[in-house]
Amino acid sequence: MRARSERLRELGIDARPDAELDVFARELAQRTGGCYAGVNFFLDADRQYFAGLYSAAQDITAHVGPPLLEEPVPGRVMPRDIDMGICPHVVKRRRALVLEDIRDFPRFAGNPVVDAIGVHSYLGAPLIDSTGVVLGTICVVDQDPRPWGREGLETIKAMAAELVERLEESANHRG
């Protein structure tokens, strides 16, 4: 946890919306066909922060409201508890996760986040930097079951690697 916090600080990532990451999330949603997409960093032991966020239902790029479960569309802050959301599982397993219909997976079907925004499919990949630290995830969800398939898996993995490279290059230019 300490290594992650230090690495995020080195990369200049903190709990604030990032317009470039919002654009990245939009591109992720467009490339995969999901209705929500996010760039999610695990800033501390208690919370996840979506520095990049996109919703097809409405433009929420400037939204910095209350936690996700208190509003009908995803917000930027969520508890990091393994039982809240699916991204904590992706971070823990350090591998991409494809859930074409969440209702087929008892572990996730009753998740409060799934119910709060009506998520039925999930596609996520960890953001693992060049030092081996898992910074967070990128993810895309849809309110309908979605056959992401091999193409979706390859897309999310490639975009995660691309984003990590961009984050590290940006930090190198600042530093």
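This is a predicted model: local features need pLDDT of at least 70, side-chain atom pairs count only at pLDDT 80 or more; totals for chains, interfaces and linings use all residues.
Residues are numbered from 1 along each chain as its sequence is written, and side-chain values use heavy atoms, with hydrogens and water left out.

**View 1. I138 and its neighbours.** Leaving aside residues up to four places away in sequence, I138 touches F24, L28, G38, V39, L123, G124, A125, L127, I156, M159, A160 and L163. I138 is also among the residues with the most partners in the largest nonpolar core, together with V39, F41, L127, I156 and L163; this core has 32 residues in total. Such a core is a set of buried Ala, Val, Leu, Ile, Met, Phe, Trp, Tyr and Cys residues joined through side-chain atoms within 4.5 Å. Buried means under 20% relative accessible area, exposed over 50%, and partly exposed in between (1.4 Å probe, protein chains only).

View 2. The elements shown are DSSP runs, numbered from the N terminus: helices (H or I, at least four residues) and strands (E, at least two). The chain has six helices and six strands, in the order α-α-β-β-β-α-β-α-α-β-β-α from the N terminus. Looking again at the core of 32 residues, at least two residues come from each of α2 (19–32), β1 (36–41), β2 (47–55), β5 (121–128), β6 (134–142) and α6 (149–174). Helix α6 gives the most, with eight residues. A second, separate core of 22 residues includes F42, M78, C87 and I117.

**View 3. R7 and its salt-bridge partners.** A salt bridge is a side-chain nitrogen of Lys or Arg within 4 Å of a carboxyl oxygen of Asp or Glu, and the count by this rule is 11. One of them joins the side chains of R7 and D129, at 2.4 Å from N to O. This pair links distant parts of the chain, with R7 in helix α1 and D129 in the loop between β5 and β6, 122 residues apart. Is R7 buried or exposed? R7 counts as buried because its relative accessibility is 13%, and D129 is buried too, at 5%. R7, E10, D129 and E168 are linked in a network of salt bridges. Beyond residues up to four places away in sequence, R7 touches D129, S130, T131, V133, L135 and E168.

**View 4. Two further salt bridges.** D44 pairs with R47, their closest N and O atoms being 2.8 Å apart. D44 is partly exposed at 24% relative accessible area, and R47 is partly exposed at 29%. In the other pair, D101 meets R103 at 3.0 Å between the closest N and O atoms. Here D101 counts as buried, with 14% relative accessibility, whereas R103 is partly exposed at 48%.

**View 5. An arginine over a tryptophan ring.** R146 lies over the face of W148, 5.5 Å from the ring centre. For this label, NZ of Lys or CZ of Arg must be within 6 Å of the ring centre and within 35 degrees of the ring normal.

**View 6. The loop residue R94.** R94 sits in the loop between α3 (87–93) and β4 (97–99). Its phi is near 60°, a positive value in a residue other than glycine. With 41% relative accessibility, R94 counts as partly exposed.

Terms used:
Contact means heavy atoms within 4.5 Å.
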